[in-house]
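Open the structure in a viewer and keep the selection tool at hand. The stops below can be taken in order.

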Amino acid sequence: MDTNGAVVSARDVHKSFGPLKVLDGIDFEVQRGEVMVIIGRSGSGKSTALRCLDRFETIDEGEIIVCGHHVSDPNIDLRALRQDVGIVFQSYNLFPHLTVEENIILAPCSVKRASKTAAKEQAKRVLAQVGLEEKLHYYPEQLSGGQQQRAAIARSLAMQPKVMLFDEVTSALDPELTGEVLKVIEALAADGMTMVMVTHEMGFAKGIADQVLFMHRGKVHESGPATILTSPTTPELAQFVGKEL
Ligand code: ADP
Ligand code: MG
């Protein structure tokens, strides 16, 4: 497949869980430095689409290439793929029995074989990036939900990913903690990080998205620049964003 230099490229991706067709031929491309936001009702296949990019799910048909890795190839080097792709979920991202620092240095030390000293230096840097430098030695349970998500983002950044995937990272948070996490993501985007993000924060999506993918019944029902959120062309997206057509 010719990816036109895209960091993420998905072509005619199909995925079923038993009889349930979850992805029914989806296509998209994300260029370097772009932010793609995926929206849609619960159950429309957003998380599955995201998880396929990091091969937490395998696909039945189609092709996915991420940072030059042929994700749909059964012989893919998963370790190499996951060095290039960071993923943060809605919750339970950190190991509860490890401090923030231990959480952050784990993968760099084991996967990248970084020295402990170098990994700890880097832990400080990535924590500063998310505004948590003073929480190095805290355990996850001693942090607020927003701080935990920021620490989880820092942990991903420590692997120096080329693309970040975010799946509803603020959905489990109280509204007053959502903003601090979105701010970190905004700063990452401004810094040029390539991202694919599933979110229900429509105001945020409008501000940050270079492209929006509206998923409906396992298909990309409507896609385009962030303006589709205010000027949808399909009745389904109009209904989703609460607009009259
Ligand atoms: P969304 O993130 O848009 O809410 P998901 O991708 O999580 O949607 O799920 C799409 C559909 O696939 C849902 O009906 C869900 O129940 C189903 N599903 C997701 N993961 C699995 C799985 N591992 N096994 C069986 N069904 C699944
Ligand atoms: Mg989901």
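Predicted model: local features only at pLDDT ≥ 70, side-chain atom pairs only at ≥ 80, totals over all residues.

Residues are numbered from 1 along each chain as its sequence is written, and chains are lettered from A and ligands numbered from 1 in the order in which they are written.

Select Thr48 to begin. Thr48 sits in helix H1, residues 46-53 (helices are DSSP runs of H or I with at least four residues, strands runs of E with at least two, numbered from the N terminus). Thr48 counts as buried because it has 20 C-beta neighbours inside 10 Å (buried means 20 or more other C-beta atoms within 10 Å, with C-beta atoms placed from the backbone). Beyond its neighbours within four places in sequence, Thr48 is in contact with Lys15, Val22, Leu23 and Glu57 (C-beta atoms, placed from the backbone, within 7 Å).

Next, show ligand 1. The residues surrounding ligand 1 include Phe17, Gly43, Lys46 and Thr48 (each with its C-beta atom, placed from the backbone, within 6 Å of the molecule). H1 gives the largest share of this shell, three residues.

Finally, select helix H3 (residues 100-110) and helix H5 (residues 145-157), which pack at an angle of about 25° with axes 8 Å apart (axes are lines fitted to C-alpha atoms over the stretch in contact, and angles run from 0 to 180 degrees between N-to-C directions). Val100, Asn103 and Ile104 in H3 meet Ala151, Ala154 and Arg155 in H5.

Conventions: Buried ≥ 20, exposed ≤ 12 C-beta atoms within 10 Å, placed from the backbone. Contact = placed C-beta atoms within 7 Å.
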